[in-house]
Amino acid sequence: PMPSSSYRQPRPPDDDPAEAWFAERGWTPHAFQRRVWAAMAAGRSGLLHANTGSGKTYAVWFGALQRAHEGPGLQVLWLTPMRALAADTARALAEPLAALRPAWTVGQRTGDTTSAERARQERRWPPALVTTPESLSLLLTREDAQALLAGVHTVIVDEWHELLASKRGVQVQLALARLKRWNPGLVVWGLSATLGNLAEAMHTLVGDDRGRLVQGRLDKALVIDTLIPVDPGRFSWGGHLGAQMQQPVVDAIESSPGTTLVFTNVRSQAEIWYQLLLQARPDWAGVVALHHGSLDKDVRAWVEAGLKAGTLKAVVATSSLDLGVDFLPVERVLQIGSAKGVARLLQRAGRSGHAPGRASRVTLVP
């Protein structure tokens with residue numbers, strides 16, 4: 001959420017807590033956010049398709065909060081396709097709670113959750129839980145699953161395009177079917193920025209014809225450029241060009257006023273490029289970092305904190321950072337090799353300029 005577009009509609013009551021929270025920050029909710037709030041208040045499920053960085057999270061989160069009640073137990077499940085996103089998502093969800101739901105907390109339950117934290121959750125479950133499809137499936141196998149989850153009234157499925165038409169997507173569908181059996185009034189919303197088959201994607205998630213499709217397209221500039229090697233050589237580039245691009249990549253990072261994300265497609269390539277950057281610039285030790293799913297949880301958390309604070313010059317990453325994470329200091333994205341699909345490239349480009357009105361820039365590195 002940032003200053004609104006030119007769209008004008010009747011103002012809601014002045015005592016609306018969501019409107020007041022936005023106003024305190026000098027923001028005005030976008031029209032699509034208000035449409036989602038109204039649909040969720042009416043008990044409608046649906047799909048929100050909007051640009052990266054346009055405010056999808058608070059559109060569905062504020063809608064979930066207005067459905068909340070004061071009783072104990074789990075009420076809202078937020079499904080993320082990647083455990084690396086859980087911490088950042090939980091931070092974003094917790095930000096408005098002090099003003100809107102002071103008694104609420106947001107918990108996390110993924111493969112990274114420690115046994116001590118799991119034990120604390122067993123004693124007192126938080127009203128909202130950020131989890132993965134796998135962890136939710138494990139919760140459903142518990143002997144007390146119905147008592148634990150029957151009070152869930154809202155489920156948010158983040159980055160639905162990443163799960164759709166995969167085994168994990170079917171896992172989500174099965175979990176939702178079980179939850180709906182326990183609570184027929186369950187409200188389910190999917191989020192995405194890169195879906196083409198919107199009606200089919202919504203029907204697959206919601207499962208009936210009453211779903212509400214909300215689109216929130218905001219004008220956003222996308223800059224795509226390419227680093228071409230000085231000496232392109234006589235032969236095809238595949239298999240040998242990589243290290244020749246070391247200096248052009250270093251120069252591109254050096255010229256960026258903010259943080260640069262360097263994306264690779266596999267973890268081994270990320271490790272190699274991290275070493276290439278430090279070989280060229282040993283003085284960057286401590287301000288160039290590595291991020292992928294095999295690293296220790298504390299290392300990933302340190303990198304994510306550095307990205308948010310803008311203290312890192314560059315981060316070499318795999319898909320562990322290309323979805324849903326909000327890093328405003330990122331000014332530029334480099335893609336090493338071809339991204340696995342246009343949708344993924346657009347997701348990665350959206351990590352830079354992650355706010356309405358800011359251009360996103362991605363540079364392709366052969």
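Predicted model: local features only at pLDDT ≥ 70, side-chain atom pairs only at ≥ 80, totals over all residues.
Accessible areas here come from the Shrake-Rupley method with a 1.4 Å probe, and for residues only the protein chains shown count as cover.

Residues are numbered from 1 along each chain as its sequence is written, and side-chain values use heavy atoms, with hydrogens and water left out.

Let me begin with the overall form. The chain has 15 helices and 13 strands; these are DSSP runs numbered from the N terminus, helices being H or I of at least four residues and strands being E of at least two. Along its principal axes, the C-alpha trace spans about 65 × 50 × 35 Å. For 366 residues, a compact globule would have a radius of gyration near 21 Å, and the chain agrees, with 21 Å. That radius is taken over C-alpha atoms, and the globule rule is 2.2 Å times the number of residues to the power 0.38.

Of the 366 residues in the chain, 51% are buried. Buried means under 20% relative accessible area, exposed means over 50%, and partly exposed lies in between, using a 1.4 Å probe and protein chains only. Contacts, defined as heavy atoms within 4.5 Å, also tell us about the fold. Among the contacts with a separation of 6 or more, 73% are between residues 24 or more positions apart.

I turn now to the charged pairs. A salt bridge is a side-chain nitrogen of Lys or Arg within 4 Å of a carboxyl oxygen of Asp or Glu. A search of the whole structure finds 17 of them.

One of these joins the side chains of Glu 19 and Arg 34, at 2.8 Å from N to O. Glu 19 belongs to helix 1 (residues 17-24) and Arg 34 to helix 2 (residues 31-41), so this pair ties together parts that are 15 residues apart in sequence. Both Glu 19 and Arg 34 are buried.

Another salt bridge joins Arg 361 and Asp 225, whose side chains meet at 2.7 Å, N to O. This pair links distant parts of the chain, since Arg 361 is in strand 13 (residues 360-365) and Asp 225 is in strand 8, 136 residues apart. Arg 361 counts as partly exposed at 29% relative accessibility, and Asp 225 is partly exposed at 21%.

Asp 158 sits in the loop between strand 5 (154-157) and helix 9 (160-163). Asp 158 is buried but has no salt bridge, and the nearest side chain of opposite charge, Lys 56, is 6.5 Å away. Leaving aside residues up to four places away in sequence, Asp 158 touches Trp 78, Leu 79, Pro 81, Leu 163 and Leu 191.

Glu 159 lies in that loop between strand 5 and helix 9 as well. The phi angle of Glu 159 is near 50°, a positive value in a residue other than glycine, and Glu 159 is buried at 6% relative accessibility. Ala 165, in the loop between helix 9 and helix 10 (167-182), also has a positive phi, near 60°. Ala 165 counts as exposed, at 83% relative accessibility.

Leu 222, Ile 224, Val 342 and Leu 346 make a nonpolar surface patch of about 350 Å². Strand 8 (222-226) and helix 15 (342-349) are the elements giving two or more residues to this patch. Patches are built from residues with over 30% relative accessible area and no salt bridge, joining like charges within 9 Å and nonpolar side chains (Val, Leu, Ile, Met, Phe, Trp, Tyr) within 5 Å. Leu 222, which lies in strand 8, is partly exposed at 39% relative accessibility.

Methods: Lys, Arg positive; Asp, Glu negative; His and termini not counted.
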